[in-house]
Amino acid sequence: MVKKILLFTLCLSLFYIPMGFAKSKIKIGLMCPQTGSWASEGIDMKKIVNLLAEDINKKGGVLGRKIEIIDEDDGGDPRTAALAANKLCTRGIVAVIGTYGSSVTEATQNIFNENKIIQIANGSTAIRLTEKGYKYFFRTCPRDDEQGRVAAKTIKKFGFKRVAILHDNTTYAKGLAEEAKQNLEKMGGVKIVFFDALTPGERDYTTILTKLQSKKPDVVFFTGYYPEAGLLLKQKKEMGWNVPFIGGDATNNPDLVKIAGLDAAKGFYFLSPPVPQDLDTPQAKAFLKAYQAKYHALPGSVWAVLSGDALLAIVKAIDGSKSTDPDKMAYYLHYKLKDMPGLTGKISFNEKGDRVGDLYRVYKVDDKGNFVLQPKD
Amino acid sequence: MNRKYLIWAICLIFFLSPLFLNAYWVDVLNNIGIYAILALSLNFILGDTGLFHMGHAAFFAVGAYTTAILNTMYHIPILFLIPFSGITAAIFAYLVARPIIHLRGDYLLIVTIGIVEIVRIALVNNIFGLTGGSNGIFGISRPHLFGLIIRRPTHFFYYIWIFLAVSVFLFHRLRNSRFGRALNYIKEDEVAAEGTGVDIAKYKLIAFVLGAFWAGMVGNIYASKMTIISPESFTFWESVIYFCIVILGGSGSITGVILGSFLLIGLPELFREFAQARMLVFGLAMIIMMIFRPQGILPPPPRKYNVDQIN
């Protein structure tokens, strides 16, 4: 038995001998969930980043050197992710892209930070990730509180005076509801007439709708998920109550229209990051064309596209700071990078490493049940 | 005698291995260690007592969350929480195992799968507002030991493997005690055991609670190692992995279980280069194992007693 352990240890040490690649390539890590329940996101991320890297290499690379993407599977699980991060650190990467889930990213943050590797997350929206003061951490996705801010702005812009906020007591929905409430109160001029939760999973919401109706709101902001949103719309229609509804990004699902029915869903507004086919920058259009030509499909969600933006930001930082030194790159990303044209719009980071600017857009359900992007302002 | 020296020499080399391994491989060894202790605690229930228990991740989760909640809310040092996490897990195990302990074989298996799923869903639903929902709990502090903060993979290597060594010693003693023999008796023939006066329900329950106690303590180590815990780490799949480690390594055998965790946790890391295909290789290896050696790689040796000492 113990002999076997020794043999195994020897095997391990053999594998450890770092593979000596030619120095000319700049290595960039990609940590993404290739197995587990988020595998589809991770596989999209890998495709997008590799496609962009090929493109950059075709144009001569950066600082006259080619880039190489080294990907690792984080399995959508903090334990596997910590291993993947440790492994990436031994491969001589200058920066890493990823990953998707917030808790998964969090498990890797201090590993990369200790090793002085720039990390740009693409799908981790939990507020706390950038509140710890990690110098080398950035993200291209918005934070959870961003949506609350955009919701408040949208409600204000539509000119609603009496607002009802309804959530479903899940961490996400409640957090969003509270964030929106605080922002509305700060702005003033809007009265919150209702703030409560429904129980998700029920079939009949007429009780809560009647309660809502008695408060006479101008608009109802529902922060929960699409099944309840669909039922609410349907039963509101049946009651003959004609109040506009606005939903959070968890209502962005085609099933919403199926549950509510075309008639009831019509005119429903919701907030969401733009779906990939609605990305309107020239970079995004060219990129989506190339993506479709190669893989014969479109990326499934905007989160995977944001990993492409992370790569562009890293390459720009290497180019702009003329080095692969993490301190210089971090300085460049924090203070010098301004309005870089990315796939999802202009990219800049603030001193915490959060992306500046609003990614959230307003969508409206049209007569045919399609989600239509509303023009920005 | 030579063999003994060889074993000691190998142990010594193993304990010095962080000096020549890089952080990644040390961390792999840490994971192997954590799984080995968990599998040892499950082995006590599954291998020694013969209870088909596939919900071990639930007890692991209770221990980890106890540590996380008490540490982040009341700032109690991690090391003090080790026994406490174990006790919470043990109490939880007692409460859920008491009504189901009379179930046999597959029926027990199904119920324990139910337990692990209920625990996971309860954690996702932010039960009592304590568990932080699907985001989990973050900011768990590191263990402080005489002024040293256990932080790097190398530190954790010694922390985990010394804990494993202690566990091995204790489980070995327990296995060779009167109590351990009674458990084996239940495993081999329940009816005969009951007929000769072994209180089956009591012994099974003690095995369950002790196994859970140990898993709860590992939960503490895991929480302080990751500094963040979330429900994804305590899925049904995790329980299946512990189950496989015990069955594959040789149920009832301590060395077998440790070897099993090297194979199940270490091998997928060796095959990392193959990305998605590694799971395929891994599955194939397991099928071959089960066909050619269903009793496990290292089944426990038969008990030997010196005839002269019996009287």
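Trainee: Which residues does Asp319(A) touch, not counting those up to four places away in sequence?
Mentor: This is a predicted model, so treat every value as computed. Leave out residues up to four places from Asp319(A) in sequence. The contacts are then Val62(A) and Leu63(A).

Trainee: Where does Asp319(A) sit, and how far is Gly61(A) from it in space?
Mentor: Asp319(A) lies in helix 12 of chain A. In sequence, 258 residues separate Asp319(A) and Gly61(A). In space, C-alpha to C-alpha, the distance is 9.7 Å.

Trainee: Is Asp319(A) buried, exposed or partly exposed?
Mentor: Count the C-beta neighbours inside 10 Å: Asp319(A) has 14. Buried needs 20 or more, and exposed needs 12 or fewer. So Asp319(A) is partly exposed.

Trainee: What is the strand order in the open sheet of chain A, and which strands stand at its edges?
Mentor: The sheet has 5 strands with parallel pairing, in the order 2-1-3-4-5.

Trainee: Which strands does helix 2 of chain A touch, and what angle does its direction make with strand 2?
Mentor: Helix 2 of chain A packs on the sheet. It touches strand 1, strand 2 and strand 3 of chain A. With the direction of strand 2, the angle is about 170°.

Trainee: What covers the buried residues of helix 2 of chain A?
Mentor: Those buried residues include Ile48(A), Val49(A) and Leu52(A). Strands 1 (26–32), 2 (67–73) and 3 (95–97) of chain A are part of the cover. The cover also includes helix 11 (282–295) and helix 12 (302–321).

Trainee: How far apart are the end C-alpha atoms of helix 2 of chain A?
Mentor: Helix 2 has 20 residues, 39–58. At 1.5 Å a residue, it should span 28 Å. The model agrees, with its end C-alpha atoms apart by 29 Å.

Trainee: What radius of gyration does chain B have?
Mentor: Chain B comes to 13 helices and 4 strands. For 311 residues, a compact globule would have a radius near 19 Å. Chain B agrees with that, at 20 Å.

Definitions and conventions. Residues numbered from 1 in each chain as written. Chains lettered and ligands numbered in written order. Predicted model: local features only at pLDDT ≥ 70, side-chain atom pairs only at ≥ 80, totals over all residues. Helix = DSSP H or I, 4+ residues; strand = E, 2+ residues; numbered from the N terminus. Expected span 1.5 Å × (residues − 1). Contact = placed C-beta atoms within 7 Å. Rg over C-alpha atoms; globule rule 2.2 N^0.38 Å. Pairing = 2+ DSSP bridges. Axes fitted to C-alpha atoms, helices over the stretch in contact; angles between N-to-C directions.
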